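This briefing summarises computed features of a single protein chain. The notes below are grouped by topic and are meant to be read alongside the coordinates.

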Amino acid sequence: MSLTPGAVPQNVLLISETKLKNFTDIDPNVSSSVLLPFIGVVQQTKLEYIIGAKYYKSLLYQVSGGTISSNENDYNFLTYFAQPMLIWARSEEHTSELQSH
């Protein structure tokens, strides 16, 4: 696996649309074209900062390649840390938006 800059999949969500919509107030009719940029930014600015670029890129490649479930540690990290953090970040962002208006 090459982790060279620019080779990182930019359209990979570490959380499914369904899970994000089920655990937030996002309308079920919101399309992935609206969610992808937001989640991509949150993944890079919050998650990558916390876990480091190498591990972050590894997770992206595993998710995009469909191999994440074969690595129990990474799968558990994604399920029990990364995805809840992305849900929380969505809620935090929404609260900030409401307070700024």
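Lys21 is buried, because its relative accessible area is 16% and the cut-off for burial is under 20%. The model is predicted. Lys21 belongs to helix α1, which spans residues 17–22, and the side chain of this lysine reaches two backbone oxygens, those of Pro28 and Val30.

**Surroundings of Lys21**

- The distance from the side chain of Lys21 to the backbone oxygen of Val30 is 2.5 Å.
- For the backbone oxygen of Pro28, the corresponding distance from the Lys21 side chain is 3.0 Å.
- When neighbours within four places in sequence are set aside, the contacts of Lys21 are Ile26, Asp27, Pro28, Val30 and Leu35.

**Thr79 in helix α4**

- Thr79 lies in helix α4, which covers residues 72–100.
- With a relative accessible area of 17%, Thr79 is buried, since the value falls under 20%.
- A polar atom of the Thr79 side chain is 2.9 Å from the backbone oxygen of Tyr75.
- Apart from neighbours within four places in sequence, Thr79 is in contact with Lys19 and Pro84.
- Thr79 and Leu14 are separated by 65 residues in sequence, while their C-alpha atoms are 9.2 Å apart in space.

- Together with Tyr49 and Ile50, Phe81 makes a nonpolar surface patch of about 360 Å².

**The chain as a whole**

- The protein chain contains four helices and zero strands.
- Read from the N terminus, the order of its elements is α-α-α-α.
- The chain has 101 residues, of which 34% count as buried.
- Taking contacts between residues at least 6 apart in sequence, 64% join residues at least 24 apart.

Definitions and conventions
Residues numbered from 1 in each chain as written. Predicted model: local features only at pLDDT ≥ 70, side-chain atom pairs only at ≥ 80, totals over all residues. Heavy atoms only, no water. Helix = DSSP H or I, 4+ residues; strand = E, 2+ residues; numbered from the N terminus. Buried < 20%, exposed > 50% of the residue type's maximum accessible area, 1.4 Å probe, protein only. Polar contact = N/O pair within 3.5 Å; in protein donor to acceptor, adjacent residues only side chain to side chain. Contact = heavy atoms within 4.5 Å. Patch = residues over 30% accessible without salt bridge, like charges linked within 9 Å, V, L, I, M, F, W, Y side chains within 5 Å. Areas by Shrake-Rupley, 256 points an atom, 1.4 Å probe, with all protein chains shown as cover. Salt bridge = Lys/Arg side-chain N within 4 Å of Asp/Glu carboxyl O.
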